Amino acid sequence: MGLLDQVVGGLAANALGGKGNGLAEMAMQLVNQYPGGLGGLVQAFQQGGLGEIVNSWVSTGQNLPVSGDQLSSVLGGDFLGKLAGQAGVAPQEAANGLADFLPGLVDQLTPGGKLPEGGDLLAQGLGMLKKGGLFG
């Protein structure tokens with residue numbers, strides 16, 4: 001597990017009353033393992049007909065919600081099943097949990113409405129941590 005994974009997991013656990021650590025880890029696995037990383041994930045949402053939703057997460061405005069079913073349709077059953085298996089939960093449970101958590105995570109990883117250059121999520125996350133802005 002990388003440093004950013006640990007930082008996000010710890011912050012999410014604090015922010016969600018101790019219940020978010022596994023969810024935070026699953027969300028970071030999604031971002032880290034998805035082909036193309038965060039940029040690839042955003043592109044998949046755009047190509048899957050959910051561009052308005054994912055663009056709201058990246059932009060500086062309000063985050064639009066996504067459902068577990070919408071998330072499943074974008075990620076595909078195989079990829080979501082792999083994440084769920086790593087987390088030890090059912091795929092639908094993983095999809096629903098990620099649907100609740102992912103908008104805020106993408107929003108926090110894209111301050112100023114822009115994807116991190118070069119996909120450097122570690123530097124991005126540490127910068128947000130220093131400012132006290134990651135999940136806070």
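**Met28**

I started at Met28, which lies in helix α2. This is a predicted model, so I am reading computed values throughout. Buried or exposed, I wondered about Met28? Met28 is buried, with a relative accessible area of 0%.

**Whole chain**

I stepped back to get the overall layout. The protein chain has 7 helices and 0 strands. Reading from the N terminus, I get α-α-α-α-α-α-α. Of its 136 residues, 43% count as buried. I also checked how far apart in sequence the contacting residues are. Among contacts in the chain with a separation of 6 or more, 62% are between residues 24 or more positions apart.

**The core**

Next I went for the largest nonpolar core, which holds 35 residues. Which of its members touch the most others? I noted Leu30, Phe45, Leu98 and Leu102. Elements giving two or more residues to this core are α2 (21-33), α3 (37-58), α4 (68-75), α5 (77-87) and α6 (91-109). The largest share, 10 residues, comes from α3. For my own background: in soluble globular proteins, nonpolar side chains tend to be buried together.

**Leu30**

I took Leu30 from that list, and found it in helix α2. Leu30 is buried, at a relative accessible area of 0%. What does Leu30 touch, not counting residues up to four places away in sequence? I wrote down Leu41, Leu75, Phe79, Leu83, Leu98 and Leu102. I followed up on Leu83: it is 53 residues from Leu30 in sequence, and the C-alpha to C-alpha distance is 7.1 Å.

**Leu102**

Then I turned to Leu102. Leaving out residues up to four places away in sequence, I find Leu102 touching Leu30, Leu41, Phe45, Trp57 and Leu71. Leu30 and Phe45 are on that list, and both were also among the core members with the most touches.

**Helix α6**

I wanted to see how α6 itself looks. It bends by about 40° at Phe101, and a proline, Pro103, follows within four residues. Which residues of α6 are buried? My list reads Ala94, Ala95, Gly97, Leu98, Ala99, Phe101, Leu102, Pro103, Leu105, Val106, Gln108 and Leu109.

**α5 against α6**

I looked up how α5 and α6 pack, and got an angle of about 95° with the axes 8 Å apart. That makes α5 roughly perpendicular to α6, because angles of 65 to 115 degrees fall in that class. By class, this contact has 7 nonpolar, 1 polar and no charged residues. On the α5 side I see Leu80, Gly81, Leu83 and Ala84, and they meet Pro91, Ala94, Ala95 and Leu98 in α6.

**α4 against α6**

At what angle do their axes cross? They cross at roughly 100° and come within 8 Å. I therefore put α4 and α6 down as roughly perpendicular to each other. From α4, Gly68, Asp69, Leu71 and Ser72 make the contact, and from α6 it is Gln92, Ala95, Asn96, Leu98, Ala99 and Leu102. Sorted by class, I have 5 nonpolar, 4 polar and 1 charged residues here.

**Two spots in α3**

I finished in α3. Gly51 has its place in this helix, and it is buried, with a relative accessible area of 13%. The cut-off for buried is under 20%, so Gly51 qualifies. Leaving aside neighbours within four places in sequence, I find Gly51 in contact with Phe45 and Gln46.

Gln43 also lies in helix α3. I noted Gln43 as partly exposed, with a relative accessible area of 42%. How far is Gln43 from Asn55 in space, C-alpha to C-alpha? I read 9.8 Å, for a pair 12 residues apart in sequence.

How values were computed
Residues are numbered from 1 along each chain as its sequence is written. This is a predicted model: local features need pLDDT of at least 70, side-chain atom pairs count only at pLDDT 80 or more; totals for chains, interfaces and linings use all residues. Side-chain values use heavy atoms; hydrogens and water are left out. A nonpolar core is a set of buried Ala, Val, Leu, Ile, Met, Phe, Trp, Tyr and Cys residues joined through side-chain atoms within 4.5 Å. Buried means under 20% relative accessible area, exposed over 50%, partly exposed in between (1.4 Å probe, protein chains only). Contact means heavy atoms within 4.5 Å. The bend at a residue is the angle between axes fitted to the seven residues ending there and the seven starting there. Axes are lines fitted to C-alpha atoms, for helices over the stretch in contact, and angles run from 0 to 180 degrees between N-to-C directions. Angles under 35 degrees count as roughly parallel, over 145 as roughly antiparallel, 65 to 115 as roughly perpendicular and the rest as oblique. Ala, Val, Leu, Ile, Met, Phe, Trp, Tyr, Cys and Pro count as nonpolar, Asp, Glu, Lys and Arg as charged, and the others, Gly among them, as polar.
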